[in-house]
Amino acid sequence: MRVLVTGGAGFIGSNFVHQTLATRPDAEVTVLDALTYAGSLRSLDGVLDDVRFVEGRVEDGALVDRLVGEADVVVHFAAESHNDNSLASPGPFVQTNVVGTYELLEAVRRHDVRYHHISTDEVYGDLALDSPERFSEATPYNPSSPYSSTKGASDLLVRAWVRSFGVEATISNCSNNYGPRQHVEKFIPRQVTEVLDGRRPRLYGDGLNVRDWIHVDDHNSAVWAIIDRGQLGETYLIGADGEVDNKTVVETVLDLMGREAGDYDHVTDRPGHDRRYAIDWSRLRDELGWQPRYRDFRSGLAATIDWYRTHEEWWRPQKSATEARYARSEKVL
């Protein structure tokens, strides 16, 4: 099977490449990645010699057409994904998330190639903290940020190309991922690396915002379940019953790293900060027989902390620039 992975040098995409090569010996993997600040060839350490790597953007129609024409399946991870960045500069999100998806859809349509589209639960907006509801495949879209709105737009393009042109595609909307190789601008690795550097973590607002955490390896195993057994044209939500509020995450990180649970600062909340995400992944379980491996968030978090502790050479080059950017935007409450 010839697999084209877009964004394969980013967080989830690189972990997908590692997992695919470890579990599917028949796979010939091509990685397309623009190597923006969020992508790194270091994320492919140990497997780079086993893949074909192409540096380029998904908005490059000619390049995308050539690579798709050489593939049996396209797995589209490439995206601008950081909410704070989308508030500061929405344009790149429109280009990568919307225009890039359009170019891929046109290419898979021309070459009749199977396509799987990676998306986010953030397209659904948020839920009340005291609500028993969870997002399902039938939940209406209600995005809150330029990031989530452009991901929602890309999902709708996929649905339209399936219905109008018969493209063989599936979509997955996943909850918040954690694990190795995640950029230090993101919530969990930022807190972990701050503690490793002897500083106090910082927490947006009151810290009661709830996220539904899933280990990146579970996300990627679910993607393969959908590619292998999913119904074409359908959407599947990926989750692992991992609802935890941000305050608890920070306090757990501190506890696991030998610091007092209250050793952090509050900073001004960001605009449009969603309160709660929660995933109903029963369709994935019932129809495809998928189950997550990492059901204990604390143990998964401990393993993630260990990875960052032993891979300083991976995250250190990103750290200074990330913290300088945050310093310009954050004010302690």
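Predicted model: local features only at pLDDT ≥ 70, side-chain atom pairs only at ≥ 80, totals over all residues.
**Entry 1**

Seven of them form an open sheet with parallel pairing, and reading across I get the order 3-2-1-4-5-6-11. At the edges I found strand 3 (52–55) and strand 11 (235–238), each of which pairs on one side only.

Next I picked one pair to follow. Strand 1 (residues 2–6) and strand 2 (residues 28–33) run parallel and are joined by five bridges. Which residue of strand 2 is the bridge partner of Val3? I found Val29 there.

**Entry 2: helices against the sheet**

Helix 5 (residues 146–165) packs on the sheet, where I saw it touching strand 5 (114–120), strand 6 (169–174) and strand 11. The direction of helix 5 makes about 155° with that of strand 5. Then I turned to helix 7 (residues 216–229), which lies across strand 1, strand 4 (73–76), strand 5, strand 6 and strand 11. Helix 7 runs at about 145° to strand 5.

**Entry 3: salt bridges**

How many salt bridges are there? My count comes to 29. I looked at three of them one by one.

The side chains of Lys319 and Glu194 meet at 2.9 Å, N to O. Lys319 lies in helix 11 (residues 312–329) and Glu194 in helix 6 (residues 187–196), so this pair ties together parts that are 125 residues apart in sequence. Are these two buried or exposed? Lys319 has 2% relative accessibility, so I noted it as buried. Glu194 is at 1%, and it counts as buried too.

My next pair was Glu243 and Arg276, with the closest N and O atoms 2.9 Å apart. Glu243 sits in strand 12 (residues 243–245), while Arg276 is in the loop between strand 13 (265–267) and helix 9 (282–288); the two are 33 residues apart and link distant parts of the chain. Glu243 is partly exposed at 30% relative accessibility, whereas Arg276 is buried at 5%.

The last pair I opened was Arg259 with Asp263, a salt bridge of 2.7 Å, N to O. Arg259, at 22% relative accessibility, counts as partly exposed. Asp263 has a relative accessible area of 18%, and I wrote it down as buried because the cut-off for that is under 20%.

**Entry 4: a network**

One network joins Arg190, Glu194, Asp197, Arg199, Arg202, Glu312, Arg316, Lys319 and Glu323. I was pleased to meet Lys319 and Glu194 again among its members.

Methods:
Residues numbered from 1 in each chain as written. Heavy atoms only, no water. Pairing = 2+ DSSP bridges. Helix = DSSP H or I, 4+ residues; strand = E, 2+ residues; numbered from the N terminus. Contact = heavy atoms within 4.5 Å. Axes fitted to C-alpha atoms, helices over the stretch in contact; angles between N-to-C directions. Salt bridge = Lys/Arg side-chain N within 4 Å of Asp/Glu carboxyl O. Buried < 20%, exposed > 50% of the residue type's maximum accessible area, 1.4 Å probe, protein only.
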